[in-house]
Structures are given as C-alpha cells and as structure tokens.
Amino acid sequence: MGVGVWPTMSTVTALDLELLASAALAGELIADSDAEQILLDPEIDLLPLVHAAYRVRHARWDKTVQVHILNNAANGKCPEDCSYCTQGKNSSVPIEEYSMKSPDEIMEEARLAYENGAFRYCMVFSGRGPSTNRTDELASLVRNIKAKYPLEVCVSAGLLDDAKAEVLAEAGLDRLNHNLNTSEEHYAEICTTHTYQDRLNTLKAAKRNGIEMCSGLIAGMGEPASDLVEIAQTLRSLEAESIPVNFLLPFEGNDLVEPKGLTPEYCLRVLCMFRFANPTAEIRVAAGREFHLRSLEPLALYPANSLFLEGYLNAKGAASNRTYEMIIDAGFEIVSDFSAEALVDSAEKSAVEHPVEIGGKSAVKTLEDLRPSL
Ligand code: SF4
C-alpha cells in the first residue's frame, strides 16, 4: 500500500465487516485500530468492504447521489501558503487570478448549476478569510440565490469568527465549507500561515451559529494512515454533516506536488473508513475522483453518497454527462428536480455551450494534463 506502518498481519485479528457495519448503524464509534486496519490490511478484500460500507450508506441515503457544483468565485491572490493549493502565495501554477466575480455572473452560474442538476451550489472564495464588507456581500449573494432557486447554498470563504458566521447564518446560508485537510500533528507540514486550531475555531463558530458543517480532508499529502483515522474521528466528534474526501492532485508549481500512496484501492478504502466512522454524514468523493480512483470510480458511490460535478477549482473533472451516466449505470438515483435523461441531455448541450464556465472558469489543467506528471 505504501502508506503508514502496519504490524505484521499475523498479529492482526480478522475484522468482521458485517459486525462493523451493524455497530456503525447502531451509532457506535469505530475503534481507531479497526479504522486503520480498513486502510492497511490487505487481507480485507475490497468487495466485502465496499458491501459493508454500502449497508451503512444505504440506511441513511438509500441509492441517492447528491451532485454538487463548485463555483470558483474568487481565484488566487491568496496570502496563505497551503502547500497543496494552486492559489496560495508560494504556488507558481499559472492560474487565471481574479477577485470576486460580479453578482450577476455568480447568479448566472447559480442558474446553470440548478439547470444542470446541482442539489447544492458551492461558492469558493480564495483568501485567508472575508472582511466585514466581503461578508456582507456574501450574505447578499446567499439571500438572492436562495430567493431565486431551490438550491442549498454552501460557502467556502476561509477563516470566520462568530460575528461573521452570524451574518451568513441570518442570510440563510445552509452550509459552511472549511476543510481540516489533515491531522493536527501534520498541519504545520502543509501550511505555516494559519493553524489547525484556526480551522477548528472557524468550524465551531459556524456550528454555534446554526450553519451546517462541511469539512473534509486531502489524502495523499504524506500523512500516515493513522492521521486519516484521526481526522475521521475528529469530524465525528464535531458532528460534521458533510465530509468531502479529496485526493491530492499533482500540480507542478505547488510546494506539494507528488501524491503519496494513492492507489485506486487505497482511495476506496479511505472512503469506506470514513463511512464507518461517520455513518450518517454526507460523504462526498471530491477532488481527484477520476484521477486517482480510475477504473474503480463507480465503486466510490457505495461508501459515498455525493460527488462534485465537472471540476475542482483549478482542475477540470470529467464531463458531467459522463459522470451522470456512471451514476445511472450503477443503479443510483440523482437527487434533482429534473429527470436523469434530462440531466444527461442538458449536460451534453452544456458541454458544447458552456465548455468551461461550470465548475471552473479558470480550469487550467485537464486530467490528461495532470497524468503525465505522475
Ligand atoms: S486553501 Fe484557501 S487559504 Fe489556503 S492557499 Fe488556497 S485559497 Fe488560500
């Protein structure tokens, strides 16, 4: 597997996956050792593992898949130094930098997201955190989108305190995205301009003000498997409603380029482990879905009940019609006001009419661009 250190298999007790699923369904916490075993024990075959994780997923989410579309509403120019990010001050990835898009542009993209089947519209703003004025602008956008479209709205805007969280909550913000990304111990390895505690404080401020929490991780940044377990357990204790599971994408020009240990099998194990640790959370297979899961991608729908469509900030994802077909072919149901056929049709048209606007105006890398760098 290439990640972490695991004792010799003769010392490890075989894991009863069905028992584990039943315990998760009963609301029991998974033991750290069991969670780590899921990640690292080659004696645990993939299909029984996926089946057991699916039992847990199915109890809460049935066969539904929630589709999220990201709008990179402000790109680059960030004073922070997150080593995995194309928008940070140390990154030399040639992205298209821009300050906040105009409200009209953001509203138009909300319309496109709705018509393309998005359940939730996620606006992402680069930067350390919003000023008071920017917070007011965000609140006004949230109000306008919610008034016009039956979309859930999520904002990712950096560090927040209680006062700013309250403004956004009053505007009707459903969710705040703020990823923990990695464990507390590993955090200083990936960022020096803010701390794990800063991120935790933001999540708690959102929670105190009644905003749902979306917080996840990036696997493949050199962390041992035990760190992924720690993140999963921390998110359980925070009662995170939504957990995006990202897999590091290799951008030449970032401080952190090379993903470590991310085989398709390991990625699937990570998703399953998060499902057992967070049985009722929305688990989203996020950045790197196509790139790292490769031919195992449809299996991700068994532990995860949600995905991002088309792209991840500065990387384009698979075309949305291809993603919709994958969901339908596997027998899952897209949560949308539109029929599956209408969504595929619309996605095919959209690929022609709006080749880059949805999910990444500034997309600079396709999967094919990224792959040779591995
Ligand atoms: S992750 Fe956010 S805070 Fe960090 S460099 Fe990127 S945009 Fe800035």
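A residue counts as near a molecule if one of its heavy atoms lies within 4 Å of it. The model is predicted: local features need pLDDT of at least 70, side-chain atom pairs count only at pLDDT 80 or more, and totals for chains, interfaces and linings use all residues. Residues are numbered from 1 along each chain as its sequence is written, and side-chain values use heavy atoms, with hydrogens and water left out.

**Exercise 1.** List the residues around the ligand and sort the shell by class.

Solution. Step 1: the residues around the ligand are Cys78, Glu80, Cys82, Tyr84, Cys85, Gly88, Ser126 and Gly127. Step 2: apply the classes, in which Ala, Val, Leu, Ile, Met, Phe, Trp, Tyr, Cys and Pro are nonpolar, Asp, Glu, Lys and Arg charged, and the others, Gly among them, polar. Step 3: the shell has four nonpolar, three polar and one charged residues.

**Exercise 2.** Describe the largest cavity and its lining.

Solution. Step 1: on a 1 Å grid over the protein atoms alone, a cavity is a set of points where a 1.4 Å probe fits but cannot get out, and lining residues have an atom within 4 Å of a point. Step 2: the largest cavity holds about 860 Å³ of space, a volume being the space filled by probe spheres set on the points, which are joined across faces, edges and corners. Step 3: the ligand takes up the space of this cavity; a molecule sits in a cavity if more than half of its atoms lie within 2 Å of its grid points. Step 4: of 43 lining residues, Tyr84, Cys85, Val124, Asn179 and Leu313 lie nearest the centre. Step 5: strand E2 (120-125) gives the most to the lining, with four residues; strands (E, at least two residues) and helices (H or I, at least four) are DSSP runs, numbered from the N terminus.

**Exercise 3.** Locate the salt bridge between Glu212 and Arg175, and state whether each partner is buried or partly exposed.

Solution. Step 1: a salt bridge is a side-chain nitrogen of Lys or Arg within 4 Å of a carboxyl oxygen of Asp or Glu. Step 2: in this pair the closest N and O atoms are 2.7 Å apart. Step 3: Glu212 lies in strand E5 (residues 212-214) and Arg175 in strand E4 (residues 175-177), so the bridge ties together parts 37 residues apart in sequence. Step 4: buried means under 20% relative accessible area, exposed over 50%, and partly exposed in between (1.4 Å probe, protein chains only). Step 5: Glu212, at 29%, is partly exposed, whereas Arg175, at 4%, is buried.

Technical notes. 1 Å grid on protein atoms, 1.4 Å probe; cavity = no way out; pocket = protein on both sides within 12 Å on 5 of 7 lines; lining within 4 Å.
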